[in-house]
Amino acid sequence: MDIVVLVKQVPNTTEVRIDPKTGNLIREGVESIINPEDRHALEAALQIRDNTGGKVTVLSMGPPQAIDGICEALAMGADRGILLSDRIFAGADTWATSTTLGRAIRKIEQFDLVLAGRQAVDGDTAQIGPQVAEYLGIPQLTYVQKLEVREGAVIAERALEDGCEHIEAPTPVLVTVLSSLNEPRYPTVAGLIDSTRPRAPIEIWNGADLGVKAYEVGLAGSLTQVVKTFTPKGARNTQYLEGSPAAVAAQLIDALRKKEIRLGE
Amino acid sequence: MANLLCDERDVKFVLYEQLNIEELCESEKYSEFSRETFDMVLDAAVKLAEKEIWPTNADGDQKGVILEQGAVKVPESFHNAYRLYCEGGWSLLAVPPDMGGQGFPSVLNCAAVELFSAANQAFMMYPGLTIGAARLIEKYGTEDQLREYMDRMYSGEWAGTMCLTEPQAGSDVGALRTKAVKNPDGTYKISGGKIFISAGDHDLTENIVHMVLARVEGAPPGTRGISIFIVPKKRVENGELVDNDVICAATEKKLGIHASATCALNFGEKDNCIGYLLGAENEGMRIMFNMMNEARLAVGIQGLAQASAAYMHALRYAKERVQGPEIHALKDPTAPKVPIIYHPDVRRMLMWMKCVTEGIRALIYYAGYCEDRIHAAKSEEEAAKYQGFLDILIPICKSWSSDMGFRVTELAIQVHGGYGYCREYPVEQFMRDSKICSIYEGTNGIQALDLVGRKLAVKQGALFKSIVAETGNLLKNASKNYRLKDIVEPFAQARSQLVEVTRYFGLKSITEDFMIPVLYASPYLELFGDLAVGFMLLWQAVIADRRLEEIYNDAKADTPEKKAEVLRTNRSAAFYRGKVASAQFFSNTFLSLSKGKARAIMSGERSAIDLPEESFALF
Ligand SMILES: Cc1cc2nc3c(=O)[nH]c(=O)nc-3n(C[C@H](O)[C@H](O)[C@H](O)COP(=O)(O)OP(=O)(O)OC[C@H]3O[C@@H](n4cnc5c(N)ncnc54)[C@H](O)[C@@H]3O)c2cc1C
Ligand SMILES: Cc1cc2nc3c(=O)[nH]c(=O)nc-3n(C[C@H](O)[C@H](O)[C@H](O)COP(=O)(O)OP(=O)(O)OC[C@H]3O[C@@H](n4cnc5c(N)ncnc54)[C@H](O)[C@@H]3O)c2cc1C
């Protein structure tokens, strides 16, 4: 089975601190890591490849430094890495990112399965996987916590809010995974050396390689408009209710009604 | 959150900014590597250390090893950690490529091993001794021995040990009695008992290869009659592993490293223990000598590692533990209580731990770096220069690191107060585990004798002179920077004190009073270590000060207020400021004592030797 794994380099959010004065994130000195759930997607791909053969390609879009993530993925055992890097890709929202990744997967051509993490810890949208599937016109299975492959199909267990769902889908198919799916392996020292050698199997593709126009990708190709970003104000307005329990209850109900909060029947 | 095993920023500072190890990649030998490879390997090591090895540390301490029917079991949790360690190829990190290894520079290996040892010193004994034993075979083994043992040991499939110590032969290795009798087929029959053998038996691997020092029948007494043998737990016969009559008779109950099996081994109880000679007969001590630098450096790394973990834990605790008000508000019972890092005495302890840990780290990595420079040298003089540095610094790397590293772990308990004394927190284990470092691989007393009796004498003091010259160069360079004045002055003083004491020793050793250098070997090593570590910290301060000024300039921070603001918001600036402070604190609290320490030595005070034994105490 030939598998494409989508990986993203993200700041290690467990290390991000907030400047107490400005309230901004201090990104300086924060290391970049492979998005945690993408690691599980990669592990799933490697396991499938180890059992059934085929090839695992990791695909990432990002600045040139994102190559570190690809190296690490190769050191864990991926066969090929592709980094989509170009100035025109910068500032992409999920729409433009999905378009770019989708184009790249079409260019890869040969694939039975696309694996991705459910969502990235820096954006938390969970949109990339589904949008890439739509772009490619293939089925999608999201929130997957168990995965099996058969000839021409995958069987997945999806985690739902109140239970789980078993689903079979024909390949090619896109699957986004949860961290409960598996335990990612560690990169080996030998793998790390190989992946940082000049002849490591890593390609860097730009806009021309994908045949995309500048207005289709990056900021220009983005549909999302950010109106304003702000830190929610934590200030509370505390009101004390006094009196007998019955009187307090009555006041409370009145107060909630005044705020148009529905109290049920 | 940053890891609690070591300060990664400081590790990278030593590697890239102080030692500039990327330069090594310019040499043929390390041309495969780049900063990128080094970084990725370090990051991967941090993850493995933190996520897989560290969780086994307290577990191993509590469970220890179990000896049942002659077989030792290590804690269950060690098996998975060992598998990941071997599969990841970590044991092969610094092994030369032509021996199947990765061939990384030794300095990088120091950094990786520091991390792993900080995560679990007892665990690291198993792969550590295996590598040590395999190295011996690599250097002195026959082709067959390489194939049969070394390959399997480097991959971690088989483990290894070093068997020197016997009940009557500890520091005095020459007194050993284990016997080897030559068989007609050229192998030897081994018989005798060894004690204190680390990793002497365990269930991590199916076979263990013991490197056994023994005396061939009729060999001369003392160290000249010692040979070294490969004695596997199971020997290969007709392609099968058969029992080789090596019995684990007991495991020691110890202060620390509980999960490292310290075994009493009996060889040839049933007269069926075969050993294979390594090198030539009676060459055992010479062979061991050639491996000594590496082994002693490894113990220095252990001392560093425990100090490092202890400092990081103490620092975190001090930021979290709230106790008492600030000193200015001592009399105000309503004043808010503050984290103990606000208290000057706690800060003093933390500063002590910080500068000692960083100093040891730099010194140890520098020794590793010297090894690499020897290998990458373009000329024989260059190689000899670094070999000289290495030879004279090794006893200091081993002893100063283990002695002071131990004190760092002890201070970590102090910072934790009553909690530090309890098992619930890991710091008391750091201290217990750390203590062994001053004892094995040649006690620190023996190291001091090696420094004073052997290393100072080499080529009429040439090694010492080269260190004096090297420190002189740094001094000249650092003196140009007026901001470093407070660091430079005590350093210059300490340097001249050391030179003076060394001269004094020289004089004493040619007179009838040669007992003085022997008596004061350990205080001398301490003085030497102070200077060596001061040298490292001053070197770092020169670099850090320059970087810090650059950052201030870029930020146009020309007032104390603006500088303070930069330190608050710029992590690099904060780090460099901390580096300069380490050097300054060390200079003023350690190096400024050198005058007193030197005087104590040169007092020639002899009561310790002159006192009749009866007068020590009345038994
Ligand atoms: C946990 C542990 C693990 C060990 N692992 C190994 C191992 O894997 N392989 C192995 O072979 N050994 C091992 N050892 C043994 C260790 O190397 C010895 O304990 C050490 O060499 C000291 O020997 P000793 O214990 O007999 O002490 P002694 O030699 O009796 O020393 C006692 C004290 O006297 C001092 N002293 C002795 N002789 C002199 C002298 N000539 N001049 C000045 N001072 C002197 C020492 O410095 C020390 O302070 C281990 C020991 C321990 C505790
Ligand atoms: C084995 C054991 C037996 C004990 N027995 C008893 C007992 O019988 N009865 C009893 O009442 N208690 C007992 N204790 C408690 C013991 O007295 C306390 O642990 C001790 O007073 C320290 O307090 P702490 O542990 O809260 O440490 P903390 O007060 O949190 O101190 C932590 C560190 O901060 C430093 N520090 C704290 N405040 C300041 C300050 N203002 N200025 C400078 N430095 C400061 C301390 O010196 C220490 O280094 C026992 C503790 C142990 C471990």
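Residues are numbered from 1 along each chain as its sequence is written, while chains are lettered from A and ligands numbered from 1 in the order in which they are written. In this predicted model local features need pLDDT of at least 70 and side-chain atom pairs count only at pLDDT 80 or more, whereas totals for chains, interfaces and linings use all residues.

Trainee: How many helices and strands does chain A have?
Mentor: Helices (H or I, at least four residues) and strands (E, at least two) are DSSP runs, numbered from the N terminus. The C-alpha trace of chain A spans about 75 × 45 × 40 Å along its principal axes. Chain A has seven helices and 13 strands.

Trainee: What percentage of the residues of chain A count as buried?
Mentor: A residue is buried if 20 or more other C-beta atoms lie within 10 Å of its own, exposed if 12 or fewer, and partly exposed in between, with C-beta atoms placed from the backbone. Chain A has 265 residues, and the buried part is 40%.

Trainee: In what order do the nine strands of the open sheet in chain A lie?
Mentor: Two strands pair if DSSP finds at least two bridges between them. The pairing in this sheet is mixed, and the order is 11-10-9-12-8-1-6-7-13.

Trainee: Which are the edge strands?
Mentor: An edge strand here pairs on one side only. Strand 10 (residues 153-160) of chain A pairs with strand 11 of chain A in the antiparallel sense over eight bridges, and Glu157(A) has His166(A) as its bridge partner there. The edge strands of chain A are strand 11 (163-170) and strand 13 (202-205).

Trainee: Which strands of chain A does helix 2 (residues 67-76) of chain A touch?
Mentor: Contact between two residues means that their C-beta atoms, placed from the backbone, lie within 7 Å. Axes are lines fitted to C-alpha atoms, for helices over the stretch in contact, and angles run from 0 to 180 degrees between N-to-C directions. The direction of helix 2 of chain A makes about 170° with that of strand 7 of chain A. Helix 2 of chain A packs on the sheet and touches strand 6 (56-61), strand 7 (80-84) and strand 13 of chain A.

Trainee: At what angle does helix 4 (residues 128-136) of chain A run to strand 9 of chain A?
Mentor: Helix 4 of chain A lies across strand 1 (3-6), strand 8 (113-117), strand 9 (140-150) and strand 12 (173-177) of chain A. The angle to strand 9 of chain A is about 65°.

Trainee: Why is strand 7 of chain A largely enclosed by the rest of the structure?
Mentor: Strand 6 of chain A and strand 7 of chain A pair in the parallel sense over five bridges, and Ser60(A) stands opposite Leu83(A). Strand 7 of chain A is largely enclosed because the buried residues number four of the five.

Trainee: Which helix gives the largest share of the side of chain B that touches chain A?
Mentor: The contact takes 23 residues from chain B and 15 residues from chain A. Helix 2 (35-53), helix 4 (76-87) and helix 18 (571-589) of chain B each give two or more residues to the side of chain B. The largest share, seven residues, comes from helix 2 of chain B.

Trainee: Which helices of chain B do the buried residues of helix 11 of chain B pack against?
Mentor: Helix 11 (residues 427-435) of chain B is largely enclosed, because eight of its nine residues are buried. Among them are Phe430(B) and Met431(B). They pack against helix 3 (57-63), helix 6 (121-140), helix 8 (284-320) and helix 10 of chain B.

Trainee: Is Ala384(B) buried, exposed or partly exposed?
Mentor: Ala384(B) is in helix 10 (residues 380-416) of chain B. Ala384(B) has 14 C-beta neighbours inside 10 Å, so the class is partly exposed.

Trainee: Which residues come nearest to ligand 1?
Mentor: A residue is near a molecule if its C-beta atom, placed from the backbone, lies within 6 Å of it. Strand 3 (159-163), strand 5 (188-198) and helix 12 (444-455) of chain B each supply at least two residues of the shell. Of the 18 residues around ligand 1, the nearest are Leu164(B), Gly170(B), Ser171(B), Ser198(B) and Gly445(B).

Trainee: Which residues are the closest to ligand 2?
Mentor: The shell around ligand 2 has 13 residues. Strand 13 (322-325), helix 9 (344-376) and helix 10 of chain B each give two or more residues to this shell. The closest residues are Gly324(B), Ile340(B), His343(B), Gly417(B) and Gly418(B).
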